[in-house]
Amino acid sequence: MTNYITKRKEFDLLKKRTFFNKQINKILEKQNHRCFYCKELFCDIFEVGNRYKNNTSVPKDIRDLPSQIFHLDKYTIDHVIPLSKNGTNEISNLRLACLICNCKKHNKII
Ligand SMILES: [Zn+2]
């Protein structure tokens, strides 16, 4: 039972990420899956849908997740206009940058 609850939590987290990833996927497509600044390819795609697809102990809503989910840890989401300056979470205000470029950018601002 405990094991199930732990799994359920993991799945809920996954679902949240998937919802967010729908938006991220659009930006990734726009940027050809590359960093906005250095054009480095974000190559850490892992297949979540496929991982669970044939596992009947996993709830159906999880199994039906899109097969491609991008690993958020490897890139950062950059707001063109910062939220603190009334920027939005609209796709037009978002850019994806690799960790290196994001650090560089922050260094510049400072
Ligand atoms: Zn970069």
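I began with Q31: leaving aside neighbours within four places in sequence, Q31 is in contact with F36 and L96. I count two residues as in contact if their C-beta atoms, placed from the backbone, lie within 7 Å.

I noted the ground rules next. The model is predicted, so local features need pLDDT of at least 70 and side-chain atom pairs count only at pLDDT 80 or more, while totals for chains, interfaces and linings use all residues. Residues are numbered from 1 along each chain as its sequence is written.

**Confidence**

I looked up pLDDT, the predictor's confidence in each residue, from 0 to 100. The protein chain has a mean pLDDT of 71, and 55% of its residues reach 70 or more. Over residues 44-49 the pLDDT stays under 50, and the model has 14 contacts beyond four places in sequence for them. Residues 68-72 also have pLDDT below 50, with 15 contacts in the model beyond near neighbours in sequence.

**Elements**

I took helices (H or I, at least four residues) and strands (E, at least two) as DSSP runs, numbered from the N terminus. I found four helices and four strands in the protein chain. Their order from the N terminus is α-β-α-α-β-β-β-α. Among these elements, strand 1 (residues 45-46) has the lowest mean pLDDT, 44. Strand 4 (residues 94-98) has the highest, 87.

**Burial and core**

I called a residue buried if 20 or more other C-beta atoms lie within 10 Å of its own, exposed if 12 or fewer, and partly exposed in between, with C-beta atoms placed from the backbone. Of the 110 residues of the protein chain, 11% count as buried. I also checked contacts with a separation of 6 or more: residues 24 or more positions apart account for 51% of them.

Which residues make up the largest nonpolar core? I listed seven: C35, F36, Y75, L96, A97, C98 and C101. Strand 4 gives the most to this core, with three residues. A nonpolar core here is a set of buried Ala, Val, Leu, Ile, Met, Phe, Trp, Tyr and Cys residues joined through C-beta atoms within 7 Å. In soluble globular proteins, nonpolar side chains tend to be buried together.

**Strand 4**

Why is strand 4 largely enclosed by the rest of the structure? I found that four of its five residues are buried. I then looked for its partner: strand 3 (residues 75-79) pairs with strand 4 in the antiparallel sense over five bridges. Pairing requires that DSSP finds at least two bridges between two strands. Y75 stands opposite C98 in strand 4.

I returned to Q31, which lies in the loop between helix 1 and strand 1. Q31 has 16 C-beta neighbours inside 10 Å, so it counts as partly exposed. The C-alpha atoms of Q31 and A97 are separated by 9.9 Å, although the two residues are 66 residues apart along the chain.

I placed R34 in the loop between helix 1 (2-30) and strand 1. R34 is partly exposed because it has 16 C-beta neighbours inside 10 Å. From C-alpha to C-alpha, R34 and C98 are 8.4 Å apart in space and 64 residues apart in sequence.

**The loop between strands 3 and 4**

I found N86 in the loop between strand 3 and strand 4. N86 is not a glycine, yet it has a positive phi of about 65°. Is N86 buried or exposed? N86 is exposed, with 7 other C-beta atoms within 10 Å.

N89 also has its place in the loop between strand 3 and strand 4. I counted 11 C-beta neighbours inside 10 Å for N89, so it is exposed. N89 and Q23 are 66 residues apart in sequence, and their C-alpha atoms are 9.7 Å apart in space.
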